[in-house]
Amino acid sequence: MSRNEFTCDCNIIHEEVVNKVLQKTPNEDIFNHLADLFKLIGDTTRCRILFALDESEMCVCDLANVLNMTKSSISHQLAVLRRSGVVKCRRSGKEVYYTLDDEHIVKLFEIGLEHIKHKS
């Protein structure tokens with residue numbers, strides 16, 4: 001029988017470490033929102049939209065051309081991303097331009113992309 005080499009075989013509990021982590025642990029609601037954020041950006045189409053918006057502020061028509069999709073499909077995905085606080089928009093005349101919501105989203109996307117490129 002093979003022994004799992006990653007199993008802790010001691011009975012010592014490092015109380016200071018456990019208490020430190022427990023004190024910093026957010027409530028369950030925070031973890032639910034974090035999981036929802038990762039599920040949201042875990043869609044290939046949305047990742048492509050985020051990539052385009054990380055490069056430049058864009059309108060629906062431009063995004064549709066970059067992603068080779070319909071304006072309706074892009075609008076639907078942007079609405080989902082907007083409701084979740086991942087993208088924001090601004091109006092200029094008749095045009096509506098979209099960008100990533102803030103530096104946190106920019107960093108999250110860019111670090112994730114860099115991580116994947118580095119592992120490839």
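M58 stands opposite Y98 in strand 3. The model is a predicted one, in which local features need pLDDT of at least 70 and side-chain atom pairs count only at pLDDT 80 or more, while totals for chains, interfaces and linings use all residues. Residues are numbered from 1 along each chain as its sequence is written, and side-chain values use heavy atoms, with hydrogens and water left out.

We can start with the sheet. Strand 1 (residues 58–59) pairs with strand 3 (residues 95–100) in the antiparallel sense over two bridges; strands are DSSP runs of E with at least two residues, helices are runs of H or I with at least four, and both are numbered from the N terminus. Pairing requires that DSSP find at least two bridges between two strands. Strand 2 (residues 87–92) is also antiparallel to strand 3, over six bridges, and V87 stands opposite L100 in strand 3. Two residues lie between strand 2 and strand 3 in their hairpin, where G93 in the turn has a positive phi of about 65°.

Next comes V60, in helix 4 (residues 60–67). V60 is buried, with a relative accessible area of 14% (buried means under 20%, exposed over 50%, partly exposed in between; 1.4 Å probe, protein chains only). Leaving aside residues up to four places away in sequence, V60 touches K71, I74, S75, L78, V96 and Y98, contact meaning heavy atoms within 4.5 Å.
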